[in-house]
Amino acid sequence: ASLASGLKRDFKADYMVDSESFDGAGGLSADLGAKLRSAPGIKAVTANRVTTAKVGDELMDDFNAWDTANVSTMVDLGHVQGSIKDLGKDGLAVDAKYAKSYGWTLGTHVPVTYVDGKHDFVVKAIFDHSRQWTGRVWTAIEASPAELDYRLVVNADSRAAVTRITDAYPAAKVYDTDQLISALQKEIGKTLNLVYTLLALAVGIALLGIANTLALSVHERTREIGLLRAVGMSRRQVRSTIRWESALLAL
């Protein structure tokens, strides 16, 4: 529900062409984006790429890069300090809360380490909205070593205008907002089912452990219980004692 409301509020584009490469290891050929940009019925295309990088002191598996020419028209970035379009090859766009946590401001130099080595970047824009879609820290496409597009965000006259191009690319899946929400919820559902399965397994093991412990606590104290009965404890009092002890142990 949170993802759905956030997507409807923040996502302003008509369609998303997704590679369904959820780990960022694969992607879409850059040719697809180029063909979409020149196709009739397509108003605007914004590419998103993902790579692994160490930003400052934090290692990010999903360090994003965006086509800065029109990303602001596709995703609601809220109030922006600085300029998104001027990121260039050494600029960073940073979420306001993330920037505050590290003490970054416009002009702060931040080391970014890709697989090819360390590079010096500068905070050129600070935004305060949609970090879950753009990433907490991201840069321009031209600054990223990634060669494949993770996804393409498209404004178009119709779905047919998009699928006419994407049908030639088996890895490209076209979603409108409702379909994207369903796809996200499906992935979350898979994760939740796994969690529930592990939870059920853990509860089952715990129940067996508690039952075993309680059985041993009675079996190993046969003489103690017999002594208590011999000095005057009734059967009812013995049962009550064991039940209270069992309840406390189970809790």
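A crossing of two helices is right-handed if the near helix is turned clockwise from the far one by less than a right angle. In this predicted model, helix H1 and helix H7 cross in that right-handed sense. H7 also passes H9 in a right-handed crossing. Two packed helices are described by the angle between their axes and the distance between the axes.

**H1 against H7**
- H1 covers residues 2–10, and H7 covers residues 177–219.
- Their axes come within 10 Å and cross at roughly 155°.
- Angles over 145 degrees count as roughly antiparallel, so H1 and H7 are roughly antiparallel to each other.
- On the H1 side, the contact is made by Leu3, Ala4, Leu7 and Lys8.
- On the H7 side, Thr177, Asp178, Leu180, Ile181, Leu184, Gln185 and Ile188 take part.
- By class, this H1–H7 contact has seven nonpolar, two polar and two charged residues.

**H7 against H9**
- H9 covers residues 235–250.
- H7 and H9 pack at an angle of about 150°, with their axes 11 Å apart.
- That angle makes H7 roughly antiparallel to H9.
- H7 brings Ile210, Thr213, Leu214 and Val218 to the contact.
- These residues meet Ile242, Ser246, Leu249 and Ala250 of H9.
- By class, the contact of H7 with H9 has six nonpolar and two polar residues, with no charged residues.

Methods. Residues are numbered from 1 along each chain as its sequence is written. This is a predicted model: local features need pLDDT of at least 70, side-chain atom pairs count only at pLDDT 80 or more; totals for chains, interfaces and linings use all residues. Side-chain values use heavy atoms; hydrogens and water are left out. Axes are lines fitted to C-alpha atoms, for helices over the stretch in contact, and angles run from 0 to 180 degrees between N-to-C directions. Helices (H or I, at least four residues) and strands (E, at least two) are DSSP runs, numbered from the N terminus. Angles under 35 degrees count as roughly parallel, over 145 as roughly antiparallel, 65 to 115 as roughly perpendicular and the rest as oblique. Contact means heavy atoms within 4.5 Å. Ala, Val, Leu, Ile, Met, Phe, Trp, Tyr, Cys and Pro count as nonpolar, Asp, Glu, Lys and Arg as charged, and the others, Gly among them, as polar.
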